[in-house]
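Trainee: Could we go through this structure together before I set anything up?
Mentor: Gladly, ask away.

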Amino acid sequence: MSPIRLTRRNFLKLGAAAAALATGACSRPREAIVPYAHQPENELPGVPRFYATAACFVGAAEGMLVESNAGRPTKVEGNPGHPGSLGATSVHGQASVLELWDPERSKVPRQRGQPATRGALERDIADALVRLRERGGEGLRLLVRDASSPTLARQLDGVVERFPRALVHRWDPLHRDRSREGARLAFGRPLEPLYRIEQAGAILSLDSRFLDDHPYRLNHARQFARARMPRDGRMCRLYALESAPSLVGAMADHRFAMSVPAIEAWLVEKNAAYDTIFKDLKQNRGVILAGEALSPQAHALAHRLNAELGAPVAYIEPSERELRPLPELVQAMRGGAVELLVILDGNPAYDAPAELDFTAALARVALSVHLSLYDDETSARCTWHLPSTHFMEHWSDARAFDGTAAIVQPLIAPLYAGVSPHELLSLLSGEHKSAYDLVRETWRHIDWDAALRQGVIRGSASRPLQVSLRGFSRPKPAPEQGWQVRFVADEAVLDGRFANSAWLQELPRADSKLTWDNAALVSPNSAKVLGVATGDVLDILLGARTLRAPAWVTPAQADMSLTLPLGYGRSRAGAIGNGVGIDAFTLRTHAEPWSAGGAQVTKAPGRHEFATTQNHARMEGRELARHVGLAHIDSFASKKPNTSLYPGWPYDGYRWAMSIDLNACIGCNACTIACQAENNIPTVGKEQVIAGREMHWIRVDRYYEERRTLFQPVPCMHCENAPCEYVCPVEASVHDSEGLNVQVYNRCVGTRFCSQNCPYKVRRFNFLDYQRKEEELKAQRNPEVTVRMRGVMEKCTYCVQRITRARIEAEKQGRRIGDGEVVTACQAACPTSAIVFGDLNDKESEVSKAKTSPLDYDLLGELNTRPRTSYAARIVNRNPELKDG
Amino acid sequence: MPQIFGPPAVLGIKLSLVAIALTASAAWITFYKALPAQSGLASPQQPIPFSHKHHVGDDGIDCRYCHWSVEKASFAGIPSAQVCLTCHSQLFNDAPMLEPLRESARTGAPIRWVRVHDLPDFVFFDHSIHLAKGVGCVECHGRVDRMPRIERVASLEMQWCLGCHRDPAPHLRLPQDVFDMASKPPQDPRVRAQLAARLLPKQRLTDCSTCHR
Amino acid sequence: MSLYGVMAEFGGAEALLAAAREAHESGYGDIEAYSPFPIEGLPEATGFRRNWIPAIVLAGGLAGGIGGYLMQWYSAVLSYPINSGGKPPHSWPEFIPVTFELTVLVAAIAGVVGMLALNGLPRLYHPVFNVREFDLASRNRFFLCLRHADAQCARDFLRGLEPLGIWDVPV
Amino acid sequence: MADVAAPLRRWSYASVSDKIADIVLARRASWPWVVAFLISMIGTVAFVGAIGWLFLRGIGIWGVNIPTAWGFAIANFVWWIGIGHAGTFISAILLLLRQTWRTSINRFAEAMTLFAAGIAGIFPILHLGRPWFFYWLVPYPNVMELWPQWRSALVWDIFAISTYLIVSLLFWYIGLVPDLATLRDRAGTRARQVVYGLLALGWRGEARHWARFETVYLLLAGLATPLVVSVHSVVSLDFAIAIVPGYHSTVFPPYFVAGALFSGFAMVLTLAIPLRHFFRLHDFITDRHLENAAKILLACGWIVAYGYFIETFTAFYSGDEFEIAMVKDRLLGFYGPVYWTVLACNIVVPQILWWRAARRSAWTLLAVSLVVNLGMWLERVMIVVQSMHHDFMPSAWGNFIPTAWDWITFFGSIAFFAFLFLLFVRALPAISIFEMRELVLEEKKS
């Protein structure tokens, strides 16, 4: 069944070429109008429906409500009831819908690269199992990445039951072994600390990245934003020691760029700064967050210190059970002891520790089966590759970081001949059940419908445990010799699983604003030492392995240390991700997964061209992203504009407006990509980004000031005196009666005068025909938003399609639109609720209140453009007793 | 000097000028007739010769029976094969002209009707709100109850839309009349005023963003 | 055979001017003088009185200007008032440039069209072209043509002016 | 001015007519003309090719981006329009000022104006994202019931330029009619007789006709005079009504008009000198002509210099941080070299014209005029691009780097201009014949 709206919407784009030549095509092509043959239940054409589901991107589940248009998942929203989301979404959550429709997803099973039938695969497995049966499963190994699914865990038990000597291993390149190990040292068992950041009066982050790639990042962000709201002159103060640029460091009041050993040394040696900070923590119920890169001893120490501080932190069971480590498996493989290896998801051939040489070991396995979304590096080296269903295509379940379970329900029948991990496992356990039955069995005693409706299973969160500290040795910081190399999960492509996502590749990285690339991050001082500048190439020698990587100089990096984001240099990611960036996994060992010392770094010949969306990092003394000390809030000069010659236009209906709180914004980019998904914004590719033609409607500007990083999301300001409008010769850029600055694509002839005259440069132009043509991708597009052709200007519309929907519903009921009924895509996605949108004529609306804040100011207000979008300045809360950082 | 242009030559030149003018205007008229608003798309052949005249006019079936989502959604809804078969499994259940219908129900392959009322893709029209505000079906679709084969009676050009959006009052019906093909807008100015009062201000109705996004 | 007029050829501007004056004084009503470039006083000598061109140009200018402004006012205020950059629909200062341009445009077109019309141009066929020597009228010769007069008298009169030659101009 | 026409004493009505007409009517073309024509034709083909590719792929083949969404297309447009000013200035304003020396150069100067303005008119259309909808800028009743947005300087442009083109065309053609009659009467072949005959509209040179002709010619001159000033003022408003530093400047209208005449006269010299050399027109286009043009060049140069100065001055005087930043960037930023080249070409080099010897040496003048042409083009590029690449938001700053297509389109337009001009020289009298006859008469009198 092909939904009508889909074909209609995309005609504009398809017809573009024709129209281009036929100067406005004098007769429209005949369009078919295609009804359902069998009308599905309660499906209203043109009215989207939302289904609750969940997915794991960084080790724990993120709850989401997926918008479905005529049966096509088109957009991801957060699930307010899910602790891993709280209504917000991560950039990965937003991108997952593109992943679903990615035309390069694996479509058929392959045997040694050749298309084969699933039947043949099942026969192969059956044969192997018969042989394995006799030896009680000796030689049967399973390798999984995400083990947070209770059903999966149950099935693994089933397999082991059937094959007692079979072994289950786990490899997740973004594992959390260090913190588990730290907890084991401190408490005698692997636990996860559950921080109550909201209650913290001060935070000391030891390279913790709790806003970046922590499994609970969205929840942390929301709590952090609340903690940073000043209440009676006080607000949470953040100290950050970090070995790599992170959102945490960017938000910190005191920021210290230090290598991992330096941080541990600092923790042990207790200098003056340490004492000052510790005093502050003590007085204000502070909490210490330790990051994965730190040694288990350091984690244990942090736990002890938190205990001393009486810090707001609870301890819970990890959301997934412990399984056998990867090295064991590789050893067995190399020994030829593995007859059947089943790899559920993951891409070890690409991301396994370098010294293990997983690929070579894999060659010695008799029968290897790889279940994955893409036909990737590992698939190519396995006997069998089996396409996996996307999480929007299958039934499953997943646990959030706090243990809360959620049902993963499909929104669409599998697009290709894929199977879910559960179905593959049921093959091994010999029960041959559908994923649905398996999941139902796991959750026999719950209110199933409620669980589906709410997207969470009530009361499934793990209980905080009573813990008692044990004695353990203090960390012995490794003496710093040579260069430190720091590995981090890339904020966009993570461990490489999103390498083929054009949205994420083109998403400007928070600190560097770099797209379509990764780089060796270097501090300015180190760059001087090496005699390199951004774009020069470095040779990195670590242990016996070398890597050549382009350098990127950033002030947020620690001296004498490099940061290498993981997840690039893929060879079988797909047309989008192949050959993008450099592969840092080639340097990464199992023993030193996050930070390795003793590296040699030298300048190599050649230059590398980066594609960045922001070429200038300083504000040049202009008051753009403004900030103010906590003590001086009242003396903040808002500088609202003055009078005008012309009488103002009356807006007596609605007056839509937006307020963006720079004190809450952590620069995570969720708004940018959410907007991209909602508004059918194309990606343009590296060359076009270099040419300065990226299309994002809301960009997050990043400025450096002293040691501080300032973020400022910049959508269209919807000026009441819009400079873009009076210069447009054809009334394509005009104001509507509710104060929206609307861009009428079908009227635009592309003079680009509007962009020339826009002081905020938020307008985007289709210099070429940027829309991708693959049919699959058309299915993802939002039918409520026109797909723009080449040669027209576009920009933020305040999500006019959402306003219209709300207005029509309200008008049908003969009432006004209530506050909060219209939520823009960026606002919905924002983890910290930094963006507020609403009607200024409603004095009670959130946005009206936000604009009464003493910190509210207009960007470039002195130009008297009268923007409807205004900002609340960021509040800096420095410790008067602490000078440095 | 000998004359370069004798009287006949001059006459010839004049005639050819006239000829050029005529052909030009003729060309323009043909082009204009080819524009979507005027073009022959008005009443195309359909896979099944469905007669609104018969179903609506003679049988008196309500619009909403087939176009079920017209009051709830932007899209009026085109009946699925099942809906047709609720009757046609009994009536004319072996009529050859209904074969496509039965096949669709059998195979699940949808019937591909030819779109008659086709708006450009950058125009966002919502049936439900128009009905809710008293714009009757007949206002845009004409007397379908008299159409053996569905045809387009309105140009669907922007100026045609604006005509109503600028001055809606004369086009509004009482809520109970919107689906009534024979109904007329109330003549009583007070009633008209009441109906018009339920609308958004004219400025809003003629905003670009009302129809274009 | 019927005659368009009788034509005399002169070698210089002065000669033609003198001839034209004399013909005028001796009562020839319908005189046409042809020269390769404009000669001061010649039109008056041939009885040219009223020049309508300036009036036509003025009228054109007024029409263009007023029409232009009204067009802008109608479209921006009456037909489809649109909020553009918060400026009022009737932003008269911004209507000035177009108004000015249209004033000039229509005035110029009116002037040229008027000139051609009053001169009865284009006229590709004309009796005077029947005179073989007339092609010099666009080079270095000057012609005087007496019309609606008794041919014989005209010839005699012209001969008195000592022209380079005299011809009958057939219709 | 008598001595300007002094050499004409040697000439008679007949010889003047023959000399000029024969340039057109001559059977065979001279080899320099043929060579030049071939070269220009190749360039024209490249120009058309570049346009075709542009329409096929989109504006993205150029170097334009956000923030610098305007590039060469607009710079070329302004430059060509500027060149298109000298013609009408010479034929209209100098006519009103009774500068008889204009007579021998106005015809081809007007032709130059038409071609330049015409080519200028192409660029805004090429510049559009969807050029096939350019007619939406013109008011006409349509099914959308939409009109142009009268507050936009681009709409003013459409009217200014089309008006300028039409009026110049009329002015030029009316002046041509009597000469076309001459060509008609002297044409050797039947074909030419017919063509020129049709174009001449049956002109007979009747006294009353001459009277009306002269009035309308004078009035057109009167109308064209404010038009010349208005056109480039309006063009300058494309920038001046914007709020961006470097665009938003009240000095622009006079500064642009002066710049226009500057480049215009430079182009007149660039064309006149080879023209009189290859067709031996030294008696009509005398050294004195060149000298007068050179003086105007010098004068305009100084007005332009004032423009540069006052722009910088007001920026600092205003104390506006954005204006000051823009000027600093203009002098020392990425495009700094462009600025200094502009100063060198438009201010330093022309100073050589203070010397009589330089003014009277044709080849020096040619060199200077070429330098000025270059300088003025660079100035347009500087204004269009440099002002935008560093505006209000540092986060959005970026550079415009022209692509090969930018260059092909620019040089192609020059080739196309040459192509048209060469055709004109062979098809129509490059000097007004009947006005030369008038001069001959005056010489006889004196």
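Trainee: Where is A:Glu731 placed in chain A?
Mentor: A:Glu731 sits in the loop between β31 and β32 of chain A, where strands (E, at least two residues) and helices (H or I, at least four) are DSSP runs numbered from the N terminus. This is a predicted model, in which local features need pLDDT of at least 70 and side-chain atom pairs count only at pLDDT 80 or more, while totals for chains, interfaces and linings use all residues. Residues are numbered from 1 along each chain as its sequence is written, chains are lettered from A and ligands numbered from 1 in the order in which they are written, and side-chain values use heavy atoms, with hydrogens and water left out.

Trainee: What is phi there, and is A:Glu731 buried or exposed?
Mentor: Phi of A:Glu731 is near 60°, a positive value in a residue other than glycine, and at 10% relative accessibility A:Glu731 counts as buried (buried is under 20% relative accessible area, exposed over 50%, partly exposed in between, with a 1.4 Å probe and protein chains only). Most residues other than glycine have a negative phi, and most peptide bonds are trans.

Trainee: And what about phi of A:His718?
Mentor: A:His718, which is not a glycine, has a positive phi of about 45°; its place is in the loop between β31 (708-714) and β32 (733-735) of chain A, and A:His718 is buried with a relative accessible area of 0%.

Trainee: Switching topic, which residues does the cis bond in chain D join?
Mentor: A cis peptide bond joins D:Ile66 and D:Pro67, with omega about 15°, and D:Pro67 lies in the loop between α3 (31-57) and α4 (72-96) of chain D. In chain C, the peptide bond from C:Leu121 to C:Pro122 is cis too, with omega near -5°, and C:Pro122 belongs to the loop between α4 (96-118) and β3 (142-147).

Trainee: What volume does the largest cavity have?
Mentor: About 710 Å³. A cavity is, on a 1 Å grid over the protein atoms alone, a set of points where a 1.4 Å probe fits but cannot get out, and its lining residues have an atom within 4 Å of a point; grid points are joined across faces, edges and corners, and the volume is the space filled by probe spheres set on the points.

Trainee: Which residues lie nearest its centre?
Mentor: Of the 40 residues that line the largest cavity, A:Arg145, A:Asp146, A:Asp345, A:Ser388 and A:Arg497 lie nearest its centre.

Technical notes. On a 1 Å grid over the protein atoms alone, a cavity is a set of points where a 1.4 Å probe fits but cannot get out, and a pocket is an open set with protein on both sides within 12 Å along at least five of seven lines; lining residues have an atom within 4 Å of a point.
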